[in-house]
Amino acid sequence: MVANISNPSFSGGINIVIKVPLHQYDATISFYRDTLGLPVVEEEPEGYIFQFGPNRLWVDRAPQLTKTDIFLELETSDTEAASRYLRNHGIPRRDEIEALPEDFDGFFISDPAGVIHLVVGDSNY
């Protein structure tokens, strides 16, 4: 008997995150808020969330970084199947990127060019 294995589906999420080093943080916030005039959805101690068309643009303080990094979000209906599928295609999990809450249904990967992706399950929305 052959197992019926279906591939998980992926779609772009609504969140884009820019991790900004402290020496560039204030100017970056000013650019999006003051220069571009993007609506501020929320201001948090660790960063701002802007409305970015149909997306949310998170600009986070990242004191551990020396250069800016961009994170993209991928949604999937089954994170465990997605993790297996990606691993089988040579894309390892990158759980060392950032600690996620214990009850969060998701994990990090990076594409071959090094762009970080947060893979999130439906249960987070």
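This is a predicted model: local features need pLDDT of at least 70, side-chain atom pairs count only at pLDDT 80 or more; totals for chains, interfaces and linings use all residues.

Strands β2 and β3 run antiparallel and are joined by four bridges; two strands count as paired if DSSP finds at least two bridges between them. Helices (H or I, at least four residues) and strands (E, at least two) are DSSP runs, numbered from the N terminus. In this pair, V40 stands opposite F50 in β3, and E43 stands opposite Y48 in β3.

Residues are numbered from 1 along each chain as its sequence is written, and side-chain values use heavy atoms, with hydrogens and water left out.

From β3 we move on to β4. These two strands pair in the antiparallel sense over six bridges, and I49 stands opposite W58 in β4. The hairpin of β3 and β4 has two residues between the strands, and G53 in that hairpin takes a positive phi near 65°.

How do the strands line up in the whole sheet? The sheet is open and has seven strands, in the order β2-β3-β4-β1-β5-β7-β6, with mixed pairing. Its edge strands are β2, residues 40–44, and β6, residues 106–110, each of which pairs on one side only. From one strand to the next, the twist averages 25°.

Next, the helices. Helix α1, residues 22–35, lies across β1, β2, β3 (47–52) and β4 (55–61), and runs at about 150° to β4. Axes are lines fitted to C-alpha atoms, for helices over the stretch in contact, and angles run from 0 to 180 degrees between N-to-C directions. Helix α2, residues 79–88, packs on the sheet and touches β1, β5, β6 and β7 (116–121); its direction makes about 20° with that of β6. Contact means heavy atoms within 4.5 Å.

Within helix α2 we find R84. R84 and P8 are 76 residues apart in sequence, yet 9.5 Å apart in space, C-alpha to C-alpha.

I turn now to the aromatic residues. Rings of Phe, Tyr and Trp (its six-membered ring) pair if their centres lie within 6.5 Å; planes under 30 degrees apart count as stacked, over 60 as edge-to-face and the rest as tilted. By this rule the count comes to five aromatic pairs. One of them is the tilted pair of Y32 and F50, with 5.9 Å centre to centre and 40° between the planes. Y32 lies in helix α1 and F50 in strand β3, so this pair ties together parts that are 18 residues apart in sequence. Y32 and F50 are both buried. Y48 and F50 form a stacked pair, at 5.8 Å centre to centre and 10° between the planes; Y48 is buried as well. F31, Y32, Y48 and F50 make up one aromatic cluster.

N55 lies in strand β4, and its side chain reaches the backbone oxygen of I14 at 3.3 Å. A polar contact is a pair of N or O atoms within 3.5 Å; within protein, one must be able to donate a hydrogen and the other to accept it, and residues adjacent in sequence count only if both atoms are side-chain atoms. Not counting residues up to four places away in sequence, N55 touches G13, I14, I16 and F50.

S110 is buried, because its relative accessible area is 15%. The side chain of S110 makes a polar contact with the side chain of R94, at 3.0 Å. Neighbours within four places in sequence aside, S110 is in contact with I91, R94, V115 and I116. Thank you.

Note on methods. Buried means under 20% relative accessible area, exposed over 50%, partly exposed in between (1.4 Å probe, protein chains only).
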